[in-house]
Amino acid sequence: MPSAALSKPVKYAGRAYLIEIVATTALYVAAVLVRPWLAGHAATPALAAAAKVLPALPIWLTLWVVWRYYRRIDEFEQLKMLKTTAVAFGASSCLIVTYSFLADAGLPPLALTWAWPTIAVSWAITNAILSIVEHNEK
Amino acid sequence: MKNNLPHLRGERGLTQAQLADALNVSRQTINAIETGRYDPSLPLAFAIAGVFNRRIEEIFLP
């Protein structure tokens, strides 16, 4: 057997993921912070547009980090992760649609850049809830 | 699916963490299998059987 996911040491997956996700999050925050300055000081309109898109790069990097984590963990952890992701996707979708109605009712409209933090927070909360549920099932 | 993994593990004097290391899975996975919350895939079941030198049906019961 062992599948590709089981051929590497599973017990180090969490630590590696933590290091990589902190690094990509730091890159995202840095990109968001320097974005206005870079766009304002760009020599050409094309460079200004590139500067404005800059935070998207760490987001794609984050997806790669999550995929790497998925490949490192074992089958049970993969199942839990997929379950968490599915529920978080549903919760994020509901939150985003709900807020769009609230914005229509008078709340300030939010930029699309809020989508990523919303998804990340939904995922973290879902993970915590499912972990508690599973702990109580023991 | 029921199993006698805790009994076999006890016979060998293995902790959940040691068995998890031998199978390259997390300790939580071993715990989930032992408590019947998770049924392992066939490849993992074969690997478990290999660790204890038993047939799958001697470890996992319908």
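Helices, taken here as DSSP runs of H or I with at least four residues, are numbered from the N terminus, and in this predicted model chain A, read along its sequence, follows the pattern α-α-α-α-α.

The overall form of chain A can be described in several ways. Its radius of gyration is 19 Å, which is well over the 14 Å that the globule rule gives for 138 residues, so chain A is more spread out than a compact globule. Taken along the principal axes, the C-alpha atoms of chain A fill a box of roughly 55 × 40 × 20 Å. Of the 138 residues in this chain, 12% count as buried, while among the contacts in chain A with a separation of 6 or more, 70% are accounted for by residues 24 or more positions apart.

A:Ala49 is found in helix α2 of chain A, which covers residues 45–53, and A:Ala49 is exposed because it has 11 other C-beta atoms within 10 Å, where a count of 12 or fewer is the criterion for exposure. From A:Ala49 to A:Ala88 the separation is 39 residues in sequence and, C-alpha to C-alpha, 31 Å in space.

Turning to chain B, the reader can follow one pair of packed helices. Two packed helices are described by the angle between their axes and the distance between the axes. Helix α2 of chain B (residues 16–23) packs with α4(B) at an angle of about 115 degrees, the two axes lying 10 Å apart; because angles of 65 to 115 degrees count as roughly perpendicular, α2(B) and α4(B) are roughly perpendicular to each other. The crossing in which α2(B) passes α4(B) is right-handed. On the α2(B) side the meeting residues are B:Leu19, B:Ala22 and B:Leu23, and on the α4(B) side they are B:Leu44, B:Ala47, B:Ile48 and B:Val51. By class, this contact of α2(B) with α4(B) has 7 nonpolar, no polar and no charged residues.

Notes:
Residues are numbered from 1 along each chain as its sequence is written. Chains are lettered from A and ligands numbered from 1 in the order in which they are written. This is a predicted model: local features need pLDDT of at least 70, side-chain atom pairs count only at pLDDT 80 or more; totals for chains, interfaces and linings use all residues. Helices (H or I, at least four residues) and strands (E, at least two) are DSSP runs, numbered from the N terminus. A residue is buried if 20 or more other C-beta atoms lie within 10 Å of its own, exposed if 12 or fewer, and partly exposed in between; C-beta atoms are placed from the backbone. Axes are lines fitted to C-alpha atoms, for helices over the stretch in contact, and angles run from 0 to 180 degrees between N-to-C directions. Angles under 35 degrees count as roughly parallel, over 145 as roughly antiparallel, 65 to 115 as roughly perpendicular and the rest as oblique. A crossing is left-handed if the near helix is turned anticlockwise from the far one by less than a right angle, and right-handed if clockwise. Two residues are in contact if their C-beta atoms, placed from the backbone, lie within 7 Å. Ala, Val, Leu, Ile, Met, Phe, Trp, Tyr, Cys and Pro count as nonpolar, Asp, Glu, Lys and Arg as charged, and the others, Gly among them, as polar. The radius of gyration is taken over C-alpha atoms; the globule rule is 2.2 Å times the number of residues to the power 0.38.
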